[in-house]
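Subject: Structure handover

Hello,

Here is the structure to take over from me. Please open it alongside this email.

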Amino acid sequence: MTDTGLLGVQKTLTPVLKAKALDNRLPDPILGDTYAERVMRLLDPAYDQRRFGTSQVGLVAVVRARAHDDWARGFLAEHPDAVVLHLGCGLDARPYRIDPPPTVDWYDLDYPTVIDLRRRLLPPREHHHTLIGVDVTDLTWLERVPRGRPALMIAEGLVPYLTEEDVRRLLTSVVDAFPSGQIQFDTVAVWAWRTSRWNPALRMYDARFHCGFDVPAALAAWHPRLEYVDEAPMNDAPLLMAKAPAGVRRLYRVMNLLPGMKRSTRIVRFRFRETPV
Ligand SMILES: C[S@@+](CC[C@H](N)C(=O)[O-])C[C@H]1O[C@@H](n2cnc3c(N)ncnc32)[C@H](O)[C@@H]1O
């Protein structure tokens, strides 16, 4: 594995990238992300050689990415003048997969070390694509983004690593900054947050969750202009059941029988509009 300089939570981008790289090797991939495979190989040329190296157990993260892509494509089709805030972007190739029209301004944000790595491993994009290396909870980055246009905020795999107070400030500040928009992210259940210090996957990266929500729709109450729209399935997603190899499907069917497991992580979408006069 190349020495990336990533620390703690920043390292959580790797398993997600690996899942996307492995998905691309399926005969009928869920995401079909060729960038993920290329970048994963550059990061770790032997990523698929070790024990469980080609295991597709992580495919659920790919289902999550696909849900975020589908929602984002829908919003950008309706709002080709949008500003995209892709928070905690890691090494995800979403702007390349979605390839929005040049009228869209796309911002990829993550910690400076991650953004430096992103610059090295992913090619520059021609149109209106800005990378900002920052802690996203330091909301001064919002001053660098154009206002007065619809905003699309995507936070995939980010929110559980922030505190509830930071999530609240982030969401309400984004709503306050734009006339209208869509906010999509994923969260974990309260039990998954509370037990995260013992979660072996997180311990491996020296990371922990800092918030969890059993009723993410209730977050709409944080701002009078924020409305909950819907949720996309994850651990029991039809796409996962249709495309994952048989062993992985069986594993998820059994895990989903455990109480709280099916909804241990949720992908949710909110919208906001101008206040009617
Ligand atoms: C699980 S990874 C997800 C990466 C990417 N969204 C994906 O799905 O492939 C979490 C990402 O959030 C970033 N992150 C966590 N807390 C952050 C913060 N306060 N500011 C900026 N980035 C943050 C990490 O550096 C990491 O890249």
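Predicted model: local features only at pLDDT ≥ 70, side-chain atom pairs only at ≥ 80, totals over all residues.

Residues are numbered from 1 along each chain as its sequence is written.

**The sheet**

Seven strands form an open sheet with mixed pairing, in the order β3-β2-β1-β4-β5-β7-β6. Strands and helices here are DSSP runs, numbered from the N terminus (helices H or I, at least four residues; strands E, at least two). Two strands pair if DSSP finds at least two bridges between them. β3 (129–133) and β6 (226–232) are the edge strands, each with a single partner, so one side of each has no neighbour in the sheet. From one strand to the next, the twist averages 20 degrees. Axes are lines fitted to C-alpha atoms, for helices over the stretch in contact; angles run from 0 to 180 degrees between N-to-C directions.

Now the pairings. β4 (residues 151–155) and β5 (residues 181–188) are parallel, with five bridges. A155 has F185 in β5 as its bridge partner. β5 and β7 run antiparallel and are joined by eight bridges. There, G181 stands opposite F272 of β7. β6 and β7 are also paired in the antiparallel sense, over six bridges.

Buried means 20 or more other C-beta atoms within 10 Å of the residue's own; exposed means 12 or fewer, and partly exposed lies in between, with C-beta atoms placed from the backbone.

**Helix packing and core**

Helix α3 (residues 59–78) packs on the sheet and touches β4, β5, β6 and β7 (265–272). Its direction makes about 180 degrees with that of β4. Contact means that C-beta atoms, placed from the backbone, lie within 7 Å.

The largest nonpolar core has 73 residues. Such a core is a set of buried Ala, Val, Leu, Ile, Met, Phe, Trp, Tyr and Cys residues joined through C-beta atoms within 7 Å. V63, V84, L85, L87, L152, M153 and V174 touch the most other members. α3 supplies the largest share, eleven residues. L152 touches A72, F75, L76, A82, V84, L85, G181 and Q182, leaving out residues up to four places away in sequence.

Helix α2 (34–43) has Y35, A36, E37, V39, M40 and L43 as its buried residues. These pack against α1, α4 (94–98) and α5 (112–121).

**The ligand**

The ligand is surrounded by 20 residues. T12, G88, G90, D92 and G157 are the closest. By class, the shell has ten nonpolar, six polar and four charged residues. Nonpolar covers Ala, Val, Leu, Ile, Met, Phe, Trp, Tyr, Cys and Pro; charged covers Asp, Glu, Lys and Arg; the others, Gly among them, count as polar.

**Loops to look at**

Most residues other than glycine have a negative phi. D99 has a positive phi of about 45 degrees. D99 sits in the loop between α4 and β2 (105–110), and is exposed, with 11 C-beta neighbours inside 10 Å. D206 also has a positive phi, near 60 degrees. D206 lies between α8 (200–204) and β6, in the loop. With 12 C-beta neighbours inside 10 Å, D206 counts as exposed.

Two prolines are worth a glance. P45 is in the loop between α2 and α3, and counts as exposed with 11 C-beta neighbours inside 10 Å. P80 is in the loop between α3 and β1 (83–87). P80 is exposed too, with 12 other C-beta atoms within 10 Å. Even so, P80 is in contact with P101, T103 and V104, leaving aside its neighbours within four places in sequence.

Over to you.

Definitions and conventions:
Contact = placed C-beta atoms within 7 Å. Near = placed C-beta within 6 Å.
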